[in-house]
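Thank you for making time this morning. I would like to walk you through one model, with its sequence and its structure on the screen.

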Amino acid sequence: VRIEGDLRAAIRKAEIVPYYQPLVDLKANKIIGFEALARWKTASGAFIPPSEFIPVAEEAGLIVELTDHLLRRACTDALSWPNELVLSFNLSPIQLSDRLLGLRILKILGDVGFPPHRVELEVTESAIIQDAATARIVLDDLVNAGIRIALDDFGTGYSSLSQLSNYRFDKIKIDRSFVASFETNDKQDKVIKAIIALGTGLGVTITAEGIEEESQLQRLQDLGCDIGQGYLLGRPAPIEEIARRSRWHQ
Ligand code: G
Ligand code: G
Ligand code: MN
Ligand code: NA
């Protein structure tokens with residue numbers, strides 16, 4: 001396919017960069033960090049979304065190279081953030097079956113000088129199901145180094161609850177499909193309430209994704225949700241823009 005050759009060149013030319021979306025503490029009303037979201041801006045100015053190029057990178061064997069490039073860039077950007085802010089970074093499901101993942105990630109953090117305790121890695125359930133034994137080894141390597149692990153897109157897979165009892169996640173991210181429909185669907189409201197209770201019981205921080213409306217934010221705050229993310233709180237933006245918005249000195 002055409003996109004594959006282009007992708008290889010795009011990584012080399014650093015046309016694929018992380019954008020950053022704020023993660024907001026809903027109790028203290030303040031930004032606690034940012035999730036890095038890959039964006040590919042081609043030379044012609046067009047944007048190719050990650051839902052298109054990440055699967056190609058996986059199939060073409062370019063995901064390791066792409067992840068290394070993005071993580072290095074994100075950690076370098078995050079060096080200029082205030083010290084307490086965390087960097088949240090997505091891993092592709094197939095990467096958790098690579099035993100060397102932990103070493104590679106820690107090498108990048110070491111090279112850049114970004115502390116592991118300020119890094120959070122987002123993984124999905126499907127990542128863990130593929131090769132559970134290797135996933136455990138990799139996650140243990142990362143956790144032992146001080147990195148935190150978030151279970152992403154929670155509620156959309158088929159074995160979320162078994163994953164929760166098998167691993168100790170630091171954070172659960174409720175998939176945005178729940179937030180999108182919970183005001184018009186009374187059952188959805190109860191589901192979110194139950195997930196928040198589950199998080200409290202397990203001692204796991206709960207993040208709600210896809211908050212677009214004031215009323216959704218209000219309801220999630222009433223339910224005691226810890227962290228929020230979504231267009232209402234801030235769209236993903238390039239590093240220069242978040243620095244400007246946040247008035248950091250670069
Ligand atoms: O930013 P957007 O909502 O379009 O992201 C779409 C999907 O791409 C999400 O599932 C997100 O987790 C994934 N994604 C975004 N950036 C990265 C990245 O750097 N690495 C991986 N593996 N997935 C990413
Ligand atoms: O799978 P993951 O949760 O990593 O993907 C996050 C995706 O959600 C990114 O593509 C990001 O651009 C998108 N996103 C972030 N906030 C919102 C929002 O408020 N509404 C919608 N529809 N998408 C969002
Ligand atoms: Mn994510
Ligand atoms: Na998600």
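Which residues have the most contacts inside the largest nonpolar core? Before I answer, a word on what you are looking at: this is a predicted model, in which local features need pLDDT of at least 70 and side-chain atom pairs count only at pLDDT 80 or more, while totals for chains, interfaces and linings use all residues. Residues are numbered from 1 along each chain as its sequence is written, and chains are lettered from A and ligands numbered from 1 in the order in which they are written.

Now the answer: the largest nonpolar core holds 62 residues, and those with the most contacts inside it are Ala 36, Ala 74, Cys 75, Leu 87, Leu 96 and Ile 174. By a nonpolar core I mean a set of buried Ala, Val, Leu, Ile, Met, Phe, Trp, Tyr and Cys residues joined through C-beta atoms within 7 Å. A residue is called buried if 20 or more other C-beta atoms lie within 10 Å of its own, exposed if 12 or fewer do, and partly exposed in between, with the C-beta atoms placed from the backbone. Helix α3, residues 63-78, gives the most to this core, with seven residues; helices here are DSSP runs of H or I with at least four residues, strands are runs of E with at least two, and both are numbered from the N terminus. If we leave out residues up to four places away in sequence, Ala 74 touches Pro 18, Ala 36, Leu 87 and Phe 89, where contact means that two C-beta atoms, placed from the backbone, lie within 7 Å.

Let me turn to the ligands. Around ligand 1 we find Leu 37, Ala 38, Pro 49, Pro 50, Ser 51, Ile 54, Leu 70, Asn 90, Leu 91 and Ser 92, a residue being near a molecule if its C-beta atom, placed from the backbone, lies within 6 Å of it. By class, the shell around ligand 1 has seven nonpolar, three polar and no charged residues, if we count Ala, Val, Leu, Ile, Met, Phe, Trp, Tyr, Cys and Pro as nonpolar, Asp, Glu, Lys and Arg as charged, and the others, Gly among them, as polar. Around ligand 2 there are 14 residues, of which Asn 90, Gly 210, Glu 212, Gly 230 and Tyr 231 come nearest, and that shell divides into four nonpolar, four polar and six charged residues.

Next, please find helix α6, residues 132-144, which has 13 residues and reaches 18 Å from its first C-alpha to its last, close to the 18 Å expected at 1.5 Å a residue; the expected span is 1.5 Å times one less than the number of residues. Which residues of α6 are buried? They are Ala 135, Val 138, Leu 139 and Leu 142, and they cover an arc of only 100° around the axis, which puts them on the same side of α6; the arc is that of the directions from the helix axis to the C-beta atoms. The buried residues of α6 pack against α4 (101-112), β5 (119-123), α5 (125-130) and β6 (148-154), whereas the face turned away from the buried side carries the exposed residues Ala 133, Asp 140 and Asn 144. After α6 comes Gly 146, whose phi is positive, near 100°.

Gln 95 lies in the loop between β4 (86-90) and α4, and it counts as buried because it has 21 C-beta neighbours inside 10 Å. Not counting residues up to four places away in sequence, Gln 95 touches Ile 63, Thr 67 and Leu 101.

Finally, two loop residues deserve a look. Ala 14, in the loop between α1 (2-12) and β1 (16-25), has a positive phi near 55° although it is not a glycine, and it is exposed, with 10 other C-beta atoms within 10 Å. Asn 29, in the loop between β1 and β2, likewise has a positive phi near 55°, and it counts as exposed with 9 C-beta neighbours inside 10 Å.
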